[in-house]
Amino acid sequence: MPTNVTPEFDKQRQIYEDTEGLEKRIVELEKLLSFVPRHKGAERMKGDYRKKLAQLKAQLDKQREQDRARRSGGGAEEGVVRKEGAGQVCLVGVTNSGKSTLINAITNAEFEVADYPFTTPIPTPAMLSLEDINIQLVEIPGLFEGSYDSGIGRQSLAVARNTDCIAILIDLSQDIETQMSIILGELDRARIRLNREKSAVRIERVGLGGHQIYGIQYYEGTRDDVIDYLHARKITNIIVRFQKPATHQQFVDAMDSSVAYVRALVVATKGDAPNSKERFQELDEKYGERFEIIPISAEKNENLDGMAWALYLRLDILRIYTKIPGKRREVKPIVLPVGSVVEDAAAKVHKELFVERFKSAAIIRENDKIKRRVVGLNYPLAEGDVLQLSHR
Ligand SMILES: Nc1nc2c(ncn2[C@@H]2O[C@H](COP(=O)(O)OP(=O)(O)O)[C@@H](O)[C@H]2O)c(=O)[nH]1
Ligand SMILES: [Mg+2]
């Protein structure tokens with residue numbers, strides 16, 4: 001039975017059918033779908049085209065994955081810098097953005113600084129002490145368009161993938177947009193997602209049970225979209241759990257175990273340079289919603305302390321101080337991720353068997369209304385807590 005279609009639809013169908021190349025076909029098919037008539041008789045046709053679209057997208061993903069695997073030689077990625085300290089921050093930026101100067105200004109390191117490109121040829125660490133903890137800073141060689149295709153670029157981006165926080169350095173003496181597009185582009189090609197909620201979609205590959213999809217109300221598409229995608233990827237058994245509002249891209253990312261999720265902020269350098277105020281304003285207007293932006297001048301020593309604490313906060317860690325009754329608290333804190341509870345601290349201090357032998361815990365918070373409270377193993381910890389643990 002022929003479906004009544006509009007002339008635009010017919011024309012677009014011809015264009016789509018004549019188009020070659022996966023990416024272009026996807027674009028044309030998406031256009032075609034938007035021209036499908038809304039009446040009931042066209043529903044079946046719409047369904048078929050959507051299925052086709054999911055197939056094309058899946059093919060494209062697969063092709064990209066294969067390309068990636070080929071390029072990286074199939075080997076496992078490894079950070080080339082061993083992590084030390086309470087957390088690691090990776091400094092990324094184009095060459096001459098002031099990475100080495102900043103590190104020299106806030107650590108004991110003496111990195112070479114120069115106004116010619118690529119003075120720091122390999123990822124290089126330095127230690128920043130902040131009150132009673134150390135944060136490891138790693139400078140990676142300046143990014144450029146195509147970094148990801150070069151050996152050293154890939155190695156550098158592997159450090160950025162595995163780090164705890166990325167500080168994007170934007171040089172206020174150079175064009176903002178050029179720098180941002182290079183940096184965001186290369187990070188994206190390295191499959192690094194910035195400040196993105198990993199937990200929005202959880203994927204579990206299972207041996208049987210078919211397609212089990214939960215929380216579909218959080219997904220921007222429909223259940224059929226998910227199933228079409230899975231069919232097209234020839235995945236028969238899987239659990240997909242949408243836990244928070246999720247876009248199609250987030251679903252596709254979650255299916256791809258090579259995607260890394262990393263916290264990020266922007267450090268705007270050379271705040272003393274001519275025109276830096278105007279550039280900062282531009283940066284803030286364009287990227288202020290997406291990133292926290294911290295202006296500094298390493299040369300004039302401006303806002304370096306504030307920046308260091310901003311890095312600390314972005315690491316999402318807590319400092320907890322243990323204490324033995326009748327004695328002063330420990331000087332060195334134990335460091336735990338935000339969201340940790342008493343049991344996590346206990347596990348870190350006592351390693352094994354503590355939970356079985358746990359008797360009681362007390363938290364001392366100097367500025368709290370209740371200064372000392374007796375708590376259970378599930379009690380959430382806060383920054384600066386002093387923790388008294390006793391066991392049998
Ligand atoms: N005016 C100004 N120049 C800076 C500042 N920080 C770095 N520079 C200059 O920028 C150039 C590149 O610095 P460098 O730290 O080697 O950049 P990197 O390539 O990102 O490590 C050097 O000539 C530095 O003197 C700053 O805060 N203000
Ligand atoms: Mg450098």
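Which domains does the domain assignment of the chain give? Colour domain 1 (7-71), domain 2 (87-191 + 260-314), domain 3 (198-255) and domain 4 (317-391); these bounds come from an automatic or database assignment. You're looking at a predicted model, where local features need pLDDT of at least 70, side-chain atom pairs count only at pLDDT 80 or more, and totals for chains, interfaces and linings use all residues. Residues are numbered from 1 along each chain as its sequence is written, with chains lettered from A and ligands numbered from 1 in the order written.

Now show domain 3 and domain 4: their C-alpha centres sit 39 Å apart.

Next, select helix α1 (residues 7-18) and helix α2 (residues 22-35); helices here are DSSP runs of H or I, at least four residues, numbered from the N terminus. Their axes come within 9 Å and cross at roughly 165°, so α1 runs roughly antiparallel to α2 (angles over 145 degrees count as such; axes are lines fitted to C-alpha atoms over the stretch in contact, with angles from 0 to 180 degrees between N-to-C directions).

Then pick ligand 1. Of the 21 residues around ligand 1, the nearest are G98, K99, S100, T101 and D115 ("near" is a C-beta atom, placed from the backbone, within 6 Å). Highlight helix α4 (residues 99-106), which gives the most to this shell, three residues.

Technical notes: Helices (H or I, at least four residues) and strands (E, at least two) are DSSP runs, numbered from the N terminus. Angles under 35 degrees count as roughly parallel, over 145 as roughly antiparallel, 65 to 115 as roughly perpendicular and the rest as oblique.
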